[in-house]
Amino acid sequence: MKTILWCMLTYIATCGIALAQGSASLVSHSSENSVFLRSQKSHRGAYSWQMVKAADAQAGGEIISTSNYNTARWTNAIVPGTVLNSLVANKVYPEPYFSDNNRKTNKLIPDISDVGRAFYHYWFRTGFGIPARFKGKRLWLKFHGINYRCAIWLNGQRLGQMAGMFNDQSFDITRIAEWNGHNILAVDVQPVDNPGTTFKPGKNKTGAVGENHNGGDGEIGKDVTMLMSVGWDFTAHDGIRDRNTGIWRDVELYATGDVVLENAFVKTKLPLPDTSSASETVTVEIKNASAKKQTGTVSGVIIETGKRFNKAITLLPNETKTVQFSPAEYAALKIAKPKLWWPVNKGNQPLYTLSLRFISAQNKVSHNLVSKFGIREVQTDQNTPDKSRRFLVNGVPVFIRGTNWIPEAMLRNSEYRTQAELRYTRQAGLNLIRLWGGGIAESDYFYQLCDTYGILVWTEFWVTADTKLPSDTAMYFKNLTSTVKRIRNHASVAYYVGANEGKEVPGAGVLISKLDPTHGYQEQSECCGVHDGSPYKYENPMQYYENTASPRGSRVDGFNPEYGTLSTPVLSSLQRMMPEKDLWPINDTVWNYLDGNGFHGVTGKFRQAVNNYGEASSIKDYAQKAQLVGAMNFRAIWEAWNYNKFGFGDRWASGFLFWYHNSALPQTASRMYDWYLEPTAALYYSQNGLAPLHPQFDYLKNTVSVYNDYRRSFAGYRVEATVYDFNSKPVWSTSSSINIPADGVVKDAIQVSFPQDITKVHFIKLKLLDKSGKLVNDAFYWRSTDTYKGAWTMTGPAVSGFQDINNLPETDLNVSAKKQFIGRKPILKVVVRNSSENLSFFTQLRVQDRQGNSYPPTYFSNNFFSLLPGEVKQINVEIPLIASKSDLVLVTSALNSKEYVTAIKN
């Protein structure tokens, strides 16, 4: 019961904290006069939302949307949210994210395919007043996203309807609203038209192509929705029971004048390869919402340059025009020495601010629209030796070290969660996110953060090879148009793709190119210089180095859209995920369910790799050793791809996307961080492997190479390699002077020789030093003397022979931690010193209160690190503001140390 309560409290907290802490919002405000009608429940909003099953409403919208209607049978609702999230919060059904409660065959939560669409067909209702500052203006209600169809009523009158999950729409309520009283809003929300069945006819399980397929019977593909909600191998394999029916994005009340500005777009043109100037073309849609002719001026300014431009406009009653400002007409749109936007490691991420306003003939501002943009050009081509796809930013080829983004399975998203996930992504060093086609159109805030962090975004449009094509193409194109117009101005937008592994909706590419001609497009994710993916499960890391990790053939070459492995969550997350009885001994039935029906092999090869560190004796022992396996595998993948960058290694590679990045729900097959926002060791070993200047060890060749992700070269550097035996004694060492090419790799700078009598388990420390001898970066590896016996075995120095690790000599640590504030951010300054003569192996830090509670997300600059005798590590830890008010301690432990509890000094 305590664990279930924790899950619900986590959900409530992550939904609500962000707005209490700042002004960030998942969707952008449509006007400076704007409020979101968020529910009190879960979001800490100012509005009381209720819901009732449509069959029990006993009235139509003309009655439900009035104050005379009796809501005695209605219950509290979460908005933004879904029907099922509200039912769970109201304790009608158990928490789906605990244990295997969501399993369809358990029949704890009815599935829409069994009970019918009417079961999850609900009315939502709330009341609101009009803020005083809105009076005298035109009033709008905007629905930023519903799933799947809805009819909208206000004060007894029907406003209109919406359809499709990725469409937004504004409704003029000026004449309907009660300006000095209470307004009643009622929304009739219906589920998807084609919820599909979870399993194909005659099948009792799901899987990838060739393994009974994903997407159930494929019927859900006929709708423009989140296709993975019917079930997929990396998430709930049997789906989300209500298919995420609901008002899933914000409802906004805002005010403008009679003339409204929408969909501003800045098109950048650089005279590449010259980047000393930029030409900007600005377009904006201008709508006259009144029945009178309007005359006035559209005035614009790029705030950072201070340069202005304007144009006189006349609009007929209810007319909409697209107005363009070109650099040929306006010198203000020619920018000398622009500050260019670059992705991670290639440069900075400056953003410019476009401010547009319509000023009426009476010299009144009707509407002001502000939009951020970056000056950059993103291109792709196949000018590579193997015709593989490559990305270029501002004319510079960018080696892609990216990932595949999966949305939160039940749409339990928030500003807080989005910020945490993208901050971890940036910390790891990733430079591109693919929004996989079976997911969702991500939020404005998602793109804003990618703009800030320098992360490119590849956007796919809700079609997969596993499901059928949308049956209502007009609806699909309306949703597509809405989405492209919403996101196209972001600096991070890099590429559009029509489908995941399948055909586009005919005409999609033509429409996208018309809406946004500044970015590339391809019909599906596996064509046009992008080959098909794999591996997906745990494989012997030796196979990454020799390029045999996929039975489909070579995969570390060209451009691979899906290449990855798994980790497991840390112990505290596993304990939150399921009852203690299922943790140990491990209950394969539950663990496999929480691994997409066992798709990633968490109880198969992965468990074997964990037990190669010695048979686990408890869930604590198992969870700790599992972090070693995740750390080894994640870094090995990044480094194998690093080595082959642009042909510097043994093959030509232009980049890859890790499969996959984030846990859609609590999973035993986790990633760099888990659903609870707790990082795993894989995050920090990815951070190491993706460092812009990085010395790395190849377990197959026993060589050391140096990777450079910067656009400049580095001369006179030195790389050092030292081998330590089991007792922390150096037994071999060498160094090499190197010149590191710009955006390149120094291949096999050192050949490591291991003494014949070396201990079975031993360690390697690499250091990269600049020309003055200052440490630039380092890397630490553990290795065994086991012989690698070839592909598809569980043998070799990176996977087997580690049983002795349990007998490492004990180490002693000295730890100090002091709290300080940088602005409003509470930061812990931590110093960890290895005061013994023995290695401190896999040293982990945890911040918690005196009762053992953690406060994710907590951002450690490093973790799960190893310290040689006498070595000191300084770590910065940023904790949530709410945690800084608690009596906190720092818990430190290594695999071969006792647990140290350090009081945090103020």
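Six elements each supply at least two residues of the lining of the second largest pocket: strand 8 (169-172), strand 11 (259-269), strand 12 (277-288), strand 18 (365-373), helix 6 (444-453) and helix 7 (473-487). The model is predicted, with local features needing pLDDT of at least 70 and side-chain atom pairs pLDDT 80 or more, while totals for chains, interfaces and linings use all residues. Residues are numbered from 1 along each chain as its sequence is written, and side-chain values use heavy atoms, without hydrogens or water. Helices (H or I, at least four residues) and strands (E, at least two) are DSSP runs, numbered from the N terminus.

On a 1 Å grid over the protein atoms alone, a pocket is an open set of points with protein on both sides within 12 Å along at least five of seven lines; lining residues have an atom within 4 Å of a point. The second largest pocket holds about 1,200 Å³ of space. Its lining counts 36 residues. Ser28, His29, Lys142, Asn263 and Leu369 lie nearest the centre. Strand 18 gives the largest share of this lining, six residues.

Just after helix 6, Gly454 takes a positive phi of about 80°.

Conventions: 1 Å grid on protein atoms, 1.4 Å probe; cavity = no way out; pocket = protein on both sides within 12 Å on 5 of 7 lines; lining within 4 Å. Points joined across faces, edges and corners; volume = space filled by probe spheres on them.
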